[in-house]
Amino acid sequence: MDERKIPKATAKRLPLYYRYLNNLNQQGKTRVSSQELSEAVKVDSATIRRDFSYFGALGKKGYGYNVEYLLSFFRKTLNQDEVTEVALIGVGNLGTAFLKYNFLRNNNINIVKAFDSDPKKIGTNVGNVPIYDIEDLDEHIEDIEVAILTVPVSEAEIIANRLVDKGIKGILNFTPARITVPNHIRVHHIDLAVELQSLVYFLKHYPLEKGKE
């Protein structure tokens, strides 16, 4: 199937499936059922079967799914064999946390450069990632297509425009600002305050039954 026709909701769940399958493989598990996957990743089994159906026959009825085969399939689908180099813009508290973590469980994603305006941080390393002066962004951002934005709101639009001008194709925006970019640039907005407010709202208005999602 043409992957461009896969629903966005399905595409967003693929890394979740891949992470769990990778854990199973490391534990020596050889097969898994859709129900087991459902309980682990908190997605109902019908949705999992539908997601997998977009890629053809990945499992057998009564047998479940071959973990090694699925892992290999999703590794290829998610380009896990290709390393994506990422730049981080803004080495504040959140940015520093990203640098120290640096997606250790994802061997295909690696933050290789960071940028900040603080003279005390410029020229140092955090998590083995060098920190450059934000003023030298244009000089050091070449050949990088993905950036994480953790700058102050007032700087978000300006920095985003500079990134676009230098060929960045994707931005993971952790600022509350809704930055405006050309249509060919993909931006994913993650507003932690909004997510937290949403969680509190659901806790108050949609209480869960004990033991159920």
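**Entry 1: the model.** I am working from a predicted model.

**Entry 2: the sheet.** I looked up the strand order first. The sheet is open, has 7 strands and runs E6-E7-E5-E4-E8-E9-E10. Its pairing is mixed. I then checked the edges. They are E6 and E10 (186-189), each of which pairs on one side only.

**Entry 3: from E4 to E7.** I went through the pairs next. E4 (residues 84-89) runs parallel to E5, with 6 bridges between them. In this pair I found Leu88 opposite Ala114 of E5. I followed E5 (residues 109-116) to E7 (residues 129-133): they too are parallel, joined by 3 bridges. Here Asp116 faces Asp133 in E7.

**Entry 4: the E6-E7 hairpin.** E6 (residues 125-126) is antiparallel to E7, over 2 bridges. Val126 stands opposite Val129 of E7. I looked at the turn. There are 2 residues between the strands, and Gly127 has a positive phi near 60°.

**Entry 5: salt bridges.** How many salt bridges does the structure hold? I find 4. I took three of them in turn.

Asp51 pairs with Arg13, with 2.7 Å between the closest N and O atoms. Asp51 sits in H3 (residues 45-53) and Arg13 in H1 (residues 8-26), so this bridge ties together parts 38 residues apart in sequence. Is Asp51 buried or exposed? Asp51 is buried, at a relative accessible area of 0%.

Arg162 pairs with Asp138, and their closest N and O atoms are 3.7 Å apart. Arg162 belongs to H7 and Asp138 to H6 (residues 137-140), so parts 24 residues apart in sequence are tied together. Asp138 is partly exposed, at 37% relative accessible area.

Lys169 and Glu145 form a salt bridge at 3.4 Å, N to O. Where do these two residues lie? Lys169 is in the loop between H7 and E9, and Glu145 is in the loop between H6 and E8. The pair therefore ties together parts that are 24 residues apart in sequence. Lys169 is partly exposed at 48% relative accessibility. Glu145 is partly exposed as well, with a relative accessible area of 41%.

Key. Residues are numbered from 1 along each chain as its sequence is written. This is a predicted model: local features need pLDDT of at least 70, side-chain atom pairs count only at pLDDT 80 or more; totals for chains, interfaces and linings use all residues. Side-chain values use heavy atoms; hydrogens and water are left out. Two strands pair if DSSP finds at least two bridges between them. Helices (H or I, at least four residues) and strands (E, at least two) are DSSP runs, numbered from the N terminus. A salt bridge is a side-chain nitrogen of Lys or Arg within 4 Å of a carboxyl oxygen of Asp or Glu. Buried means under 20% relative accessible area, exposed over 50%, partly exposed in between (1.4 Å probe, protein chains only).
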